[in-house]
There are 2 protein chains.
Amino acid sequence: MTDFARTKSLFHLPEGIVYLDGNSLGPLPLAARDRVARLLDEEWGEMLIRGWNEAGWMDAPARIGERIGRLIGAAPGTVVMGDTLSIKLYQALAAALDLRPGRRVVLSDHGNFPSDIHMAKGLMRSIGRGHELRLVAPEAVADALDENVAALMLTEVDYRTGRLHDMAGLTQAAHAAGALTVWDLAHSAGALPIDLESAGADFAVGCTYKFLNGGPGAPAFIYVASRHIERVQPALSGWLGHEAPFAFDLDYRPGPGIARMRVGTPTILGLAALDAALDAWDGVSIEDVRARSVELSEMFIGEVERRCPAFELVSPRCANERGSQVTLRFADGYPFMQALIERGVIGDFRPPDMMRFGIAPLYLDSGDIVRAAGVMEDVLGERSWDRPQYRQVKAVT
Amino acid sequence: MTDFARTKSLFHLPEGIVYLDGNSLGPLPLAARDRVARLLDEEWGEMLIRGWNEAGWMDAPARIGERIGRLIGAAPGTVVMGDTLSIKLYQALAAALDLRPGRRVVLSDHGNFPSDIHMAKGLMRSIGRGHELRLVAPEAVADALDENVAALMLTEVDYRTGRLHDMAGLTQAAHAAGALTVWDLAHSAGALPIDLESAGADFAVGCTYKFLNGGPGAPAFIYVASRHIERVQPALSGWLGHEAPFAFDLDYRPGPGIARMRVGTPTILGLAALDAALDAWDGVSIEDVRARSVELSEMFIGEVERRCPAFELVSPRCANERGSQVTLRFADGYPFMQALIERGVIGDFRPPDMMRFGIAPLYLDSGDIVRAAGVMEDVLGERSWDRPQYRQVKAVT
């Protein structure tokens, strides 16, 4: 049984704060602080260029990819770190379209994260082969699969509502229609059990600054099923994806396996912080995390519905259809969230009217949940959100 | 007059080391250590998600881009940070080809860095419009410009030989032929005066871990001339390049100006270290740096030629035709460099037989140069490099 009191002690949580925004940026793991200081002092500072060999910087994207792989049910050698989720999504979708040359449709849903849709459109425009994006409602995805679909590109957990797609079922349906799948695990990795291999997923990508607590702008990951990787000619063919980067050959030959999805020189600071953040998962069962997330989410929904009837639950009521967040609708959600944050309960807001609360059992307990609901009730009752300063929209919401 | 004793004091240089590999990875600026610790403790740790607004994380790519812009002669609002050099090069070249739709040749030289060539080939393959890469000798570039050339893509300073291209002259020649230019400043930024605006450069990209000392895998930059930027439809159209990222609109509308070249969530740890590293340039004249680099390089060449006649100078003898490195040819260059590093003089090796020595006046003085040459003479005389352990090739060379 996972010891959640222990995992909570691994994070720095500011005094007086209940942090319900780990679905956007996880808190600082204490180990990351130490690991980054060591990177600067003992590695970059003392080893200088030798750090690429001696401190293992060059292998970090593959080594950390293996650590992530274990959390998402990926076979060894199928995950590598680098770049951002948007870049990795681009590579995955480009590869999927290459593998289905006779088909012209990318299928997604309008709950997908905008960057995925933007990157897909940019790719389709660049390659200029007449691809079209078919965007449907989340619940209409399966019915929209047909013989024209090259790739089904979905985010497993909706970033606004928390609605959870059936990865195994939709992957099977996509394959039955002859399409490949590209799964975005931004809100899934570290939040719930994922089994890419048994689901038969073809490609997957994700970020590591949400439930994996890697820090602001932490590097992304990409998964390519081993049955496809040797046929992938990476669209972004950088030198570190080359078979022999240090031969400095002008002919591009993709590296063995997943290594070919690497592009340029990776951020070693970002990888070091992430590597330390992943230590929090040692001895942790993702099934336990999921069970605890459901328990805390149910408690949060119950408390909020009892105390704040003005809020409407947007997330699916059934826990099996939900990721690890609870989203509530409120017309004045934006100023309400600003007022709530000022009172030490941090969630976030997504237009037009959705307040999101991330439930991360590694560092949240039932005391936090009850306290958050209590503050929400107070702020709502006092109408303290209804002040001009809370309506001022910030650059980042 | 720049105070180089002061700038040297801003870096951590390990005891007993002469560091001549700052053209590959600059040393640790003491300020970066403090800045990153503050980012972790006071920003990520205490502000959590609020850091994006309150600590200015969201604006860091533009703000730091302005700082880089001043070092490369770029007008305000034309430089932004993000991703890696390979990704930024891809964006720049894709934009250049879009702006010259009737032309099908990308011209480069075979001294260009392999990743640039690989990325260009990957782009041409992806867009599938029949582009070809014309690779010529560095000295044959001007003559190879013709009415078919869409983009002239060059690295200003050759990563192996240190040969310096005439940016202004070649840009003028490219424009006369109707082509656009994409300059890679990897070995130029922070090494010598660059004036993108007077040269009339169209696009430029660079990394920041070499002469700008931003740390391993520090973020890259991209420059787009202001006359082009509003016509650029980014090939990698990520959410942070959107006009209004936090509107979460599924329609992509490029952001104003250079902001549209942003892609995904940037590495805040990497940006923080770089930001601090750039402090070393406050009060520094790049013309002084160049004059001092030439002086130290001439001294190094003179000392080495006197003490080590077995080495052949590969870099141009004329300082005006050289970047800020000296490259020497030696058949046993690989084991020699390993033995030299073991004796505390750090340079690097590029196949088949080139030993590179970076000259970075911010933290190198004439004492370092003389000492390095003395150790080189000793190692050569003792033939101590001629041992099996030095011939073992490491992953990263």
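How many salt bridges are there between chain A and chain B? The count is six. A salt bridge here is a side-chain nitrogen of Lys or Arg within 4 Å of a carboxyl oxygen of Asp or Glu.

Some ground rules before I go on. This is a predicted model, where local features need pLDDT of at least 70, side-chain atom pairs count only at pLDDT 80 or more, and totals for chains, interfaces and linings use all residues. Residues are numbered from 1 along each chain as its sequence is written, chains are lettered from A and ligands numbered from 1 in the order in which they are written, and side-chain values use heavy atoms, with hydrogens and water left out.

Now the interface. On chain A, 86 residues are in contact with 86 residues of chain B. Contact means heavy atoms within 4.5 Å. Together the two chains bury about 7300 Å², with 66% of that on carbon and sulfur atoms. Buried area is the accessible area, taken with a 1.4 Å probe, that two parts lose on being put together, summed over both. Three residues stand out: W44(A), F248(A) and L250(A) supply 11% of the area that chain A buries against chain B, more than any other three residues.

On to the polar side. Across the interface, 24 residue pairs are in polar contact, both residues at pLDDT 80 or more. A polar contact is a pair of N or O atoms within 3.5 Å; within protein, one must be able to donate a hydrogen and the other to accept it, and residues adjacent in sequence count only if both atoms are side-chain atoms. Which elements of chain A carry this side? At least two residues each come from β3 (28-29), α2 (30-47), α3 (51-54), α5 (85-99), α6 (114-127) and α10 (268-278). Helices (H or I, at least four residues) and strands (E, at least two) are DSSP runs, numbered from the N terminus. Helix α6(A) gives the most, with 11 residues. By type, the side of chain A that touches chain B divides into 47 nonpolar, 25 polar and 14 charged residues. The classes are these: Ala, Val, Leu, Ile, Met, Phe, Trp, Tyr, Cys and Pro are nonpolar; Asp, Glu, Lys and Arg are charged; the others, Gly among them, are polar.

One of the bridges: D251(B) pairs with K121(A), closest N and O atoms 3.6 Å apart.

H118(B) is worth a look. It sits in helix α6 (residues 114-127) of chain B. H118(B) is buried, at 2% relative accessible area. Buried means under 20%, exposed over 50%, partly exposed in between, with a 1.4 Å probe and protein chains only. Leaving aside neighbours within four places in sequence, H118(B) is in contact with S237(A), W239(A), H242(A), D249(A), L250(A), D251(A) and Y252(A).

Next, symmetry. Chain A can be laid on chain B with an RMSD of 0.0 Å, by a turn of 180° and a shift of 0.0 Å along the axis. That is the relation of a two-fold axis. In chain A, the C-alpha nearest the axis belongs to I127(A), 2.1 Å from it. The superposition is by least squares on the C-alpha atoms of residues with pLDDT of at least 70 in both copies. And 100% of the interface residues of chain A are also interface residues in chain B, so the copies meet through the same surface.

Salt bridges again. Over all chains the count comes to 68. In chain A, E230(A) meets R260(A) at 2.8 Å, N to O. Both lie in the loop between α9 (226-229) and α10, so the pair ties together parts that are 30 residues apart in sequence. E230(A) is exposed, at 55%, while R260(A) is buried, at 4%. In chain B, R260(B) bridges to E230(B) with closest N and O atoms 2.7 Å apart. R260(B) is buried, at 4%, and E230(B) is exposed, at 54%. There is also a network: R63(A), R67(A), D275(A), D279(A) and D282(A) are linked by salt bridges.

Last, the backbone. The peptide bond from P351(A) to P352(A) is cis, omega near 0°. From P351(B) to P352(B), the bond is cis with omega near 5°. L48(B) has phi near 55°, a positive value in a residue other than glycine. L48(B) lies in the loop between α2 (30-47) and α3 (51-54) of chain B, and is buried at 0% relative accessibility.
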